[in-house]
Amino acid sequence: MPTIQDIKARMRIPVIGAPMFIVSTPKLVTAQCKAGVVGSFPSLNARPAEALDEWLTEIKETLARHDDENPDRPSAPYAVNQIVHRSNDRLMHDLEACVKHEAPIVICSLGAREEVYEAIHSYGGIVLHDVINNTFAQKAISKGADGLICVAAGAGGHAGVQSPFALVQEIREWFDGPLALSGCIARGQSVLAAEAMGADFGYIGSAFIATEEANASEAYKNAIVDYGADDIVYTNLFTGVHGNYLRPSIEAAGLDPDNLPESDPSAMNFGSGGNTDAKAWKDIWGCGQGIGAVKSAGPTSAFVEKLVAEYEAAKQRICG
């Protein structure tokens, strides 16, 4: 099984691109990996289910060609996100595809299941698990996850409410394995800050929505550039799980962002709009509070270059 050092050796900056519903496709994932950060996508983005095999083949072949052509700058590993919640009737099918293609990293969300971890470990893959508090972190590790992704306050999409300082320090009291931090990270200096707090990686989602390779509408991309933290609404209406969404997209659906009803958590649905006609992720745009740092759209490679420059400048300023 690869170590943290093995993974970082293939990265230009310790960043994992978060898997985003609809937005993350092989085009974005391969652009991220070629630029030197881990690219990822939710397996549910590949539709119909049979398309997942094609996506994984495309990603592997594209990155292999890049590595052959750029031996001095090989691609970073890719990751596949699996929704482990009981509502996901594709889980076993998608897990089999990950095993077949030996996906290097699998990110699990909304459930900790030993048989899922064991399947990934069967070929030497690494399992990282999304958590929003210390209790869920302990459960995931006890069931066999290799590492954790701390989804702190302000993260895009499904997110927790705890401060990253509180969440990371509680987990680091007992866990010294791989740890990524999610929540408002959109600058290179923020990645360095995450490392200073005890994380191994910064976990970036929303800022990548504005890139050319992202599968998002121009209106969505422009909103990432034009709006800021004050324009983010935290609600569970659209999927049954609390998450952060762009206020303008909620208003465009004819809803009042300041008076949204609560949804029934037991009726979790990731593709619908909960009790609305709007579709989560398609019509209601997931987004984190860190978008104020995104000032322009452009290619993924340019955004990663900017991250690297900011990261190195911050290291120089602080460490000398």
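The model is predicted. Two helix pairs are described, α3 with α4 and α2 with α3.

**Packing of α3 and α4**

- Two packed helices are described by the angle between their axes and the distance between the axes.
- Helix α3 spans residues 51-69 and helix α4 spans residues 91-101; their axes come within 10 Å and cross at roughly 30 degrees.
- Because angles under 35 degrees count as roughly parallel, α3 is roughly parallel to α4.
- The crossing of these two helices, α3 and α4, is right-handed.
- On the α3 side the contact is made by L52, D53, L56, T57 and K60, and on the α4 side by D94, A97, C98, K100 and H101.
- Sorted by class, the contact of α3 with α4 has four nonpolar, two polar and four charged residues.

**Packing of α2 and α3**

- Helix α2 and helix α3 pack with their axes 10 Å apart, at an angle of about 30 degrees.
- This angle makes α2 roughly parallel to α3.
- The crossing in which α2 passes α3 is right-handed.
- From α2, the residues P26, V29, T30, C33 and K34 take part; they meet W55, E58, I59, T62, L63 and H66 in α3.
- By class, six nonpolar, three polar and two charged residues form the contact of α2 with α3.

**The two sides of α4**

- The buried residues in α4 are L91, D94, L95, A97, C98 and H101.
- These residues cover an arc of only 155 degrees around the axis, which puts them on the same side of α4.
- An α-helix has 3.6 residues a turn, so residues three or four places apart point the same way.
- Cover for the buried residues of α4 comes from elements including α3, β3 (78-83), β4 (105-109) and α5 (114-121).
- E96 and K100 are exposed, and they sit on the face of α4 turned away from its buried side.
- K100 is also one of the α4 residues that make the contact with α3.

- Not counting residues up to four places away in sequence, H101 touches D53, L56, T57, K60 and Y78.
- Of these partners, D53, L56, T57 and K60 are among the α3 residues in the contact with α4.
- E102 follows α4 and is found in the loop between α4 and β4.
- Although E102 is not a glycine, its phi is positive, about 50 degrees.
- With a relative accessible area of 48%, E102 is partly exposed.

- The relative accessibility of T25 is 14%, so T25 counts as buried.
- T25 and F41 are 16 residues apart along the chain, and their C-alpha atoms are separated by 6.2 Å.
- Residues up to four places away in sequence aside, T25 touches W55, E213 and N215.

- The relative accessible area of K315 is 31%, which makes K315 partly exposed.
- A distance of 9.8 Å separates the C-alpha atoms of K315 and A193, which are 122 residues apart along the chain.
- Leaving aside neighbours within four places in sequence, K315 is in contact with L192 and G320.

**Other backbone features**

- Most residues other than glycine have a negative phi, and most peptide bonds are trans.
- P48 is located in the loop between β2 (39-42) and α3.
- I22, a residue other than glycine, has a positive phi near 70 degrees.
- The loop between β1 and α2 holds I22, and this residue is partly exposed, with a relative accessible area of 35%.

Methods:
Residues are numbered from 1 along each chain as its sequence is written. This is a predicted model: local features need pLDDT of at least 70, side-chain atom pairs count only at pLDDT 80 or more; totals for chains, interfaces and linings use all residues. Side-chain values use heavy atoms; hydrogens and water are left out. Axes are lines fitted to C-alpha atoms, for helices over the stretch in contact, and angles run from 0 to 180 degrees between N-to-C directions. Helices (H or I, at least four residues) and strands (E, at least two) are DSSP runs, numbered from the N terminus. Angles under 35 degrees count as roughly parallel, over 145 as roughly antiparallel, 65 to 115 as roughly perpendicular and the rest as oblique. A crossing is left-handed if the near helix is turned anticlockwise from the far one by less than a right angle, and right-handed if clockwise. Contact means heavy atoms within 4.5 Å. Ala, Val, Leu, Ile, Met, Phe, Trp, Tyr, Cys and Pro count as nonpolar, Asp, Glu, Lys and Arg as charged, and the others, Gly among them, as polar. Buried means under 20% relative accessible area, exposed over 50%, partly exposed in between (1.4 Å probe, protein chains only). The arc is that of the directions from the helix axis to the C-beta atoms.
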